[in-house]
Amino acid sequence: MKRITLRRSAELFLLAIAAAFLLLHLVHLRADFPNHSPWMDWAKYTDEGWYGDAAIRHFQRGGWYVPGDFNPAAALPVWPLIEGAVFRVTGVNVVAARALTVAIFGLILASVYLLVRRWQGRSSLAPAVAVLLLAVSPYCYAFSRMAILEPMLILLTLLALLAASSLPDADAVRTSWFDWRRRALPSLALGLLLPLMILTKTTAIFLFPAIGWMVFARSGHKAKNALKVGAPIVALGILVWTAYYGLVVRPHFLSDYRYLFSANAYTGITAQNALEVLRDTFQDGMWVGDLLYPLGLLAMTATFFFRPQLLKNPLLTALLLWILGYLTFIAYHNNLQPRYYLVLAVPFTVVPVIVFASFWSQWQGRPTVSSVAGAIGAVALLIVAVTDAGQTISYVTHPEYTFASAADRIRQIVESDRTHNPLVLSISGSDLSLMTGLPSICDDFGTMELEDRVKVYRPGWYVTWNQVDDDKMDALTPIYHLKRVASFPAMDDPERNLMILYRLDPPEATPRRRSRPRPIPQFLRTGFGQQADPLQLQH
């Protein structure tokens, strides 16, 4: 009884610390993504606006769709719908969008706790340790405060694993095929979650093997049982996705749907660069954590070579498939942005916790190789927690507002000028709309060529980073004269650390120069009816 009390007290202590760090995520929500961090990601200039643009425009313009511009909601409607529900209460603002993402991160922590406890048991500290490590992670702090797609995808994946874990086991499948009370709810939830994952971020398909394994494990590792359980789930998922595609996308937004895939150029790996891409994909996992990532790799290696029986735990195998699946996407896409690895933060945190906890459980009064390895792993995880907590606190206590301040100054300048259209053209235009309310269109992505888009929408202002690219200049100069109005230092990327505001003036009409009348030679000055002497004209 005393041992249980101590374990429970320790768990509550760890969860309390995790809750405190979760609350710290809500402090300074309007601040910049941490400057001078290890994660130089383009998303901090664009993605918060781009993927919530439908919700932003719905409340600012009265309609979510801007023909010819970048409209990713046609293919990815889940996030803007959820964000739109929040904006209906709060109005459009970046603090509300980021607070929503923090709330989703809180649900991620709760889902991790429930999932790990489901498979590790109530007597294990592993669920609380996993939650603590995620809550104090500076990497998770930086990206879980951004209104981007990845946190929502992580949450839906965890919910799908929880639903799959709640399916009846193999015996129930064989003897209670019609027991709907036990099977209907998790099957229905899973059938809805799968298409929602795809409609949140299409890369979710690379996570399906992890969920499929959990279904297979709950079916007693028998294909026949798995087919019985999985067939209606898959059928419902296909039905939901097909209904959305057939009723919404195909008749109305097919070009925007296709453009999302073509614009992202979903493969960058070739036979020539394959080894280099695989190496970089593997090495860049260090973004998850300088110590946590190696510990995850060490735990996986130890499992395969020393404790393969741990793979009987369906959650551990599912997490390994999660890692393998999403690393496959990252390598295939070959656009190694730090935010992509956020999807891997959960499995790379939970795997070493499960493995080292299993090793530690081998302690039976005297040390063994496994128990010593577990103890070393526990100490290493403690070091991770302490160092990560320190870095996160540093980010919390040193906020910067360079991007937010630049956005506010741009709004003031644009709104003070009554002679120009307030529509802003910029690759960061959607972020500016979220932060300031200014209407915008994108200068980089869209189904309509930029020069045609500019002619149709006639923006009055152009915001760029550091310089005007040649293709943008070619599109603008035929109908505009670019007048540099102001510039603002913002963010920390050497290639994008100066926001420049141009006013787009129509070219001034160039009047024809009137030539001064030449004086008439004296010999040509004749009276009416007189005629000059032809001999004089020859001279």
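# Exercises on cavities, helices and a strand residue

The second largest cavity holds about 60 Å³. A cavity is a set of points on a 1 Å grid over the protein atoms alone where a 1.4 Å probe fits but cannot get out, and lining residues have an atom within 4 Å of a point. A volume is the space filled by probe spheres set on the points, which are joined across faces, edges and corners.

The model is predicted: local features need pLDDT of at least 70, side-chain atom pairs count only at pLDDT 80 or more, and totals for chains, interfaces and linings use all residues. Residues are numbered from 1 along each chain as its sequence is written, and side-chain values use heavy atoms, without hydrogens or water.

**Exercise 1. Find which residues line the second largest cavity, and where they come from.**

Step 1. List the lining. It consists of Phe105, Ile108, Leu134, Cys140, Ser144, Pro151, Ile154, Leu342, Ala345 and Val346.

Step 2. Assign elements. Helices (H or I, at least four residues) and strands (E, at least two) are DSSP runs, numbered from the N terminus. Two or more lining residues each come from α5 (94-120), α7 (138-144), α8 (150-165) and α16 (342-360). The largest share, three residues, belongs to α16.

Step 3. Sort by class. Ala, Val, Leu, Ile, Met, Phe, Trp, Tyr, Cys and Pro count as nonpolar, Asp, Glu, Lys and Arg as charged, and the others, Gly among them, as polar. The lining of the second largest cavity has nine nonpolar, one polar and no charged residues.

**Exercise 2. Describe the largest cavity by volume, lining and class.**

Step 1. Count the cavities. There are four of 30 Å³ or more.

Step 2. Take the volume. The largest cavity has about 80 Å³ of space.

Step 3. Read the lining. Among its residues are Leu29, Asp32, Lys44, Glu48, Arg98, Arg145 and Met491.

Step 4. Sort them. The lining of the largest cavity has seven nonpolar, no polar and five charged residues.

**Exercise 3. Work out how α3 and α4 pack, and through which residues.**

Step 1. Locate the helices. Helix α3 spans residues 53-61 and helix α4 spans residues 78-90.

Step 2. Read the geometry. The angle is about 35° and the axes are 8 Å apart. Axes are lines fitted to C-alpha atoms over the stretch in contact, and angles run from 0 to 180 degrees between N-to-C directions.

Step 3. Name the partners. From α3 come Ala54, Ala55, Ile56, His58 and Phe59; from α4 come Pro80, Glu83, Gly84, Phe87 and Arg88. Contact means heavy atoms within 4.5 Å.

Step 4. Sort them. The contact of α3 with α4 has six nonpolar, two polar and two charged residues.

**Exercise 4. Decide whether valine 485 counts as buried, partly exposed or exposed, and list its contacts.**

Step 1. Valine 485 sits in strand β4 (residues 481-493).

Step 2. Apply the cut-offs. Buried means under 20% relative accessible area, exposed over 50%, partly exposed in between (1.4 Å probe, protein chains only). Valine 485 has 33% relative accessibility, so it counts as partly exposed.

Step 3. List the partners. Leaving aside neighbours within four places in sequence, valine 485 touches Ile413, Trp461, Leu501, Tyr502 and Arg503.

Step 4. Check one pair. Valine 485 and tryptophan 461 are 24 residues apart in sequence, and their C-alpha atoms are 9.7 Å apart.

Key. On a 1 Å grid over the protein atoms alone, a cavity is a set of points where a 1.4 Å probe fits but cannot get out, and a pocket is an open set with protein on both sides within 12 Å along at least five of seven lines; lining residues have an atom within 4 Å of a point.
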